[in-house]
Structures are given as C-alpha cells and as structure tokens.
Amino acid sequence: MRIGVLTGGGDCPGLNAVIRAVVRKGTFHYEDGFVGFMEGWRGLLEDKTMELDLSSVGGILPRGGTILRTSRTNPAKYPDGLQRCAGNLRKHGCEALIAIGGDDTLSVAEKLFANGVKVIGVPKTIDNDLAGTDFTFGFDTAVNIATEAIDRVHTTAEAHNRVIVVEVMGRAAGWIATYSGIAGGADVILVPEVPFDIEQVAELIRQRHARGRYFSIVVAAEGAKFADGNEKHAEASALQAGRDEFGHIRLGGIGSVLASEIEKRTGFETRSVVLGHIQRGGSPTAYDRVLATRYGLGAIDMVHRGEFGQMAALHGNRIISVPLAEAVATNRTVDREILDAAVGILDTLDYKVTGAS
Ligand code: F6P
C-alpha cells in the first residue's frame, strides 16, 4: 500500500522515532511504500513531498525535530483546502495518511476523515494535553529538561537569597509545570487549571522565608492564569504577534510579570527564566523513543486493520486505537490526583488547589 506521512504543529522530541517505526514496519512487514509530505499540512496543501524509505529514516531515532519538518498551517482556512489535500494524496497514489500531531493537526485529520480520506492519527505534544491517551511522546523529554533547569536554578537562587520563577510550556494544561515542579522540588507550582491569587503566592513565599528559608523556586506554566483575570501579558502578546492559523496567541511572559509582582509584594529579590523552545529541542529520552516507536508501530498496524478515523493511544501500558473525534474534543488537563500531589509537597497548609476539575 502507498501511505502518506506528515508531522504538524509544534515539533517535539520523538517525531523522527515515529516516522522511522512506521517506515520500517511498513516496509518489512507489509511491503508498503511511503510519501513524506513536508512542513505539516502545508506539504499536503501545496504538494511538497520527500522520499520516505529505509535509507531516509536511517540514523534518525535519536534526533530531535522532524525530517519532514512542520508548520501550523490549517488547510480548513484555505478555499478548497481539504479538497486540495485529498487531491494531492490521490495524485501520489496514497491510499492512506498517517498524521502525527497534537489537537490542531488531528482536528484537521478528523475533518479530512469526515470528507472520505483514510486517516490515522498519532498523538504528539510536549504539553501532554491531548485527550484519549495517557501520555503523548515528547512530554517526558520536556519534563526532564525542565527538571534539570529547576535543579540548576535552585543552586543559584540559594547562593543569592533569591526567588526565581521558571516559566515552562503548557498552553492549556500544566502537565510540564506539575511534573517538573514535583521532580525539582518547587515551592510554588502554577498551572492553567487553577487560576492563582498573586497575593496568596506572595504570602506563601513570605511564610516560607519567615520559617528561615531564604530562597524560593516558583514554576509557572506559560498558560497559568491570574484569578482576577488580569492577563495583560497575554493581551500584549496577542497584539504583538497576532494569532496562528488555529487561532492561538503566542504565549510567554507570565514569568517576568510574576517575578515583578512577587518582588514588589514580598521585598525579596526575584528573577525569572523562560525555558521556551529549549524544552522542545534536542534528543528524546529513552522513554520517549520507546513510546514514539510503539505509536508508529501501532499506527501502521491500524492502517492495515482499516481502523481509519482513529488515533493510536496509550492506555495503561497498551497501545490501542481511539476515535480522532474523542482525542480532539477537549484538552486533557492535569488529573486532580497529580495536582493534589503537587500541593502535598509544598511546606505550607495555607495553599490550596481550588477550581480543578
Ligand atoms: O506545541 C505546543 C507548544 O509547545 C505550547 O506549549 C506553546 O505555547 C507553543 O507550542 C509554542 O509554539 P511556537 O513554536 O509556534 O511558538
């Protein structure tokens, strides 16, 4: 069978491992041939392709990024965009398409499926906020990078008697902030799921320092929200950078807003660091290489079982398939139990998670 493959949305460590697994199993077990569509949906829309065979996937397992490159192109925004995608698949003799991406990419996959295209999805995002699966690949790598950064920031915060705010990615959900915050022993963890009261954050830090501690670490997801809805940094970002084709503003900046508020309210010298794309770059962890490989193997098997309109998903330790519609219906926010674990390690009883579902 001839199969198209593309990677869409923000890149993520492990994308190459998925591509490699798809091509190797497809070639060895099913005698498939592949067409790589370049730069996400843009390649399918504009017919930009590359050869995808055993030699093109040689040596890519440990490499970050994606040999197919990526973009945030949304074909549904273009006149006849979905029809053009279907037409280019036909032109290359592709009977099926494997789309590797997060909620935006897979929402397009779902639309194409509704238009008669045989699509399989593979869940990707460092944010881990895709519904229908327990974990997305890339998340573990991002958490490890963020944890190492928090460890490093700890020693300098301690040396200088400072508060340091570490801003991590996490647009709709605070998975990276929660996991790296727990792993790195953060004193405050702020996530989009639980709007925070800045005075409560300041009080938490004051109490900690009153008990004799002289430095603090705050980990904040880029999408964390002020309880009073005062999102000036986000408004500024939307004005400055506009929105992408899926309607998202470019986040970033909450760390420095928090740092100046904390310093103003507590009198403690405060700094902020933004980890940004460092979390998305570089080689995947062993866990992500294995998970990404298993997703790739699951996806190619799904193609040959005819499970179209579905996404490969991790449930417990099994790869199964779930409807794309389920995966894109909502963002998967951090479980209450994990949020409770994050709060449980903080050394104050005054700070409570409220508003989490
Ligand atoms: O892929 C999701 C994500 O990592 C978000 O956490 C972040 O807001 C966004 O990507 C950044 O995207 P870009 O690379 O387009 O700036």
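Let me start with arginine 171, where a polar side-chain atom lies 3.3 Å from an oxygen atom of the ligand, a polar contact being a pair of N or O atoms within 3.5 Å. An N or O atom in the side chain of glutamate 222 is 2.7 Å from an oxygen atom of the ligand, and for the side chain of arginine 280 the corresponding distance is 2.8 Å. Taken alone the ligand exposes 400 Å², of which the protein buries 81%, with accessible areas from the Shrake-Rupley method and a 1.4 Å probe.

Please keep in mind that this is a predicted model, in which local features need pLDDT of at least 70 and side-chain atom pairs count only at pLDDT 80 or more, while totals for chains, interfaces and linings use all residues. Residues are numbered from 1 along each chain as its sequence is written, and side-chain values use heavy atoms, with hydrogens and water left out.

Which residues are around the ligand? They are Arg72, Ile126, Asp127, Met169, Gly170, Arg171, Glu222, His277 and Arg280, each counted if one of its heavy atoms lies within 4 Å. By class, this shell has five charged, two polar and two nonpolar residues, where Asp, Glu, Lys and Arg count as charged and Gly is among the polar ones.

Turning to the domains, the protein chain is divided into domain 1 (2-138 + 284-316) and domain 2 (141-279 + 335-343), with bounds from an automatic or database domain assignment. Their contact takes 18 residues from domain 1 and 16 residues from domain 2, contact meaning heavy atoms within 4.5 Å. The shell around the ligand draws at least three residues from each of these domains.

Note on methods
A polar contact is a pair of N or O atoms within 3.5 Å; within protein, one must be able to donate a hydrogen and the other to accept it, and residues adjacent in sequence count only if both atoms are side-chain atoms.
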